[in-house]
Amino acid sequence: MINIDGARGEGGGQMLRTSLSLAASLGKPLRIKNIRQGRKKPGLMRQHLASVKAMAEICDAQVNGAFVGSQEIKFIPGNIKAGDYHFAIGTAGSSTLVFQTVLPALLLTGKPSRLILEGGTHNPMAPSFDFIQHSFLPVLEQMGAKFNAKIDRYGFYPAGGGKWTITINPPQNFQKVILENQGILLNSQAKCMASRIPGHVLIREKKQLLKRLNWPEESITLETVESPGPGNIISLQVRYSDITEVVESIGERGISAEQVADKAADELINYQSLGAPVGCYLADQLLLPLSLGAGGSFVTGPLSEHSRTNIAVIRQFMNVEINVVEIDPGRQSRVEVSV
């Protein structure tokens, strides 16, 4: 039994998701206590419970403590099964985080799977569908996997109600991933997207982005989408020959269109000034697939507490060597995963 203390490190839901992924992938029983101890409302919320139930379905696990508010669960995995799955959170909780929980195990089956996911698709504090599609999945394709993802309905916080589908074709042989340079900048584009909010908001966001980024006007598009509730997001995408980074900012009540645009612009400018190919969020998300695959290395900015916590959890489950070296203090770190 692997025992994880959810109060360690940054003390959030990522410890739970990483632990579930590893327990199922490696066939190791798990007990995790103090779940989300570092959050204002500790314990399982609906989206975390959805991850537990989804992972249990994929590997026929026995689970104790799977209820909203629970701060301890026991998870005893069975065999992982590829197949067709439908996971609905029932709230605006992030469907992409549920996807990232079950993905590592499904990549190990050697057989294709198809997932239908319902819930939030563009949430604060979670990767959006766009980030998954354009930044995360292309790196996993370098490992040898193939994906086909499409969004059927957008789901913004707090209404949720989004829906998307993805087909997963696992690698027959995992390849190492080496991401140590950005390569040549091929394309920069932005999308200001909204549902059920006044049209002038998108126009103001575009105007502010043009002011901050000095991009050609045609590189910034405005898009109105159908969604059960109101929502707004700016998605900036910079495509290099070796990596695509997606930077996003979500509109909120009381925050001006200009502030939403500034937040996205600031984050992109910071990413490009560091010169590291892998952004801070992608760095965190690559640790698990590389550890379960063939390893590899990547250069990122200063490593987040989120990533350091993730590394600590992985080390509890696996005899894997993860070395982090500052190659430019305060600016760039090199992460090497040896399996």
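Me: Two strands pair if DSSP finds at least two bridges between them, a strand being a DSSP run of E with at least two residues, numbered from the N terminus. What makes β5 and β6 a pair?

Reply: The model is predicted: local features need pLDDT of at least 70, side-chain atom pairs count only at pLDDT 80 or more, and totals for chains, interfaces and linings use all residues. Residues are numbered from 1 along each chain as its sequence is written, and side-chain values use heavy atoms, with hydrogens and water left out. Five bridges join β5 to β6 in the parallel sense, and the requirement is at least two, so the strands pair. Y85 has L115 in β6 as its bridge partner.

Me: What makes β5 and β7 edge strands?

Reply: The open sheet has four strands in the order β5-β6-β8-β7, with mixed pairing. β5 (84-88) and β7 (146-153) each pair on one side only, and they are the edge strands. From one strand to the next, the twist averages 15 degrees. β7 and β8 run antiparallel and are joined by seven bridges; N148 stands opposite T167 in β8.

Me: Why is the pair of F99 and W164 called edge-to-face?

Reply: Rings of Phe, Tyr and Trp (its six-membered ring) pair if their centres lie within 6.5 Å, and planes under 30 degrees apart count as stacked, over 60 as edge-to-face and the rest as tilted. The centres of F99 and W164 are 5.3 Å apart with planes at 70 degrees, so the pair is edge-to-face. F99 is in helix α3 (residues 95-107) and W164 in strand β8 (residues 162-169), 65 residues apart, so the pair links distant parts of the chain. F129 and W164 also form an edge-to-face pair, at 5.4 Å centre to centre and 70 degrees between the planes. F129 lies in helix α4 (residues 129-142), 35 residues from W164.

Me: How do you know whether F99, W164 and F129 are buried or exposed?

Reply: Relative accessible area decides: under 20% is buried, over 50% exposed, and in between partly exposed (1.4 Å probe, protein chains only). F99 has 0% and counts as buried, W164 has 0% and counts as buried, and F129, with 4%, is buried. C192 in strand β10 (residues 185-195) is buried as well, with 0%.

Me: Why is α7 described as roughly parallel to α8?

Reply: Two packed helices are described by the angle and the distance between their axes. The axes of α7 (residues 280-292) and α8 (residues 305-317) come within 9 Å and cross at roughly 10 degrees. Angles under 35 degrees count as roughly parallel, over 145 as roughly antiparallel, 65 to 115 as roughly perpendicular and the rest as oblique; α7 is therefore roughly parallel to α8. In contact (heavy atoms within 4.5 Å) are C280, A283, D284, L287, L288 and S291 of α7 with H306, S307, N310, I311 and I314 of α8. By class, six of these residues are nonpolar, four polar and one charged.

How values were computed: Axes are lines fitted to C-alpha atoms, for helices over the stretch in contact, and angles run from 0 to 180 degrees between N-to-C directions. Ala, Val, Leu, Ile, Met, Phe, Trp, Tyr, Cys and Pro count as nonpolar, Asp, Glu, Lys and Arg as charged, and the others, Gly among them, as polar.
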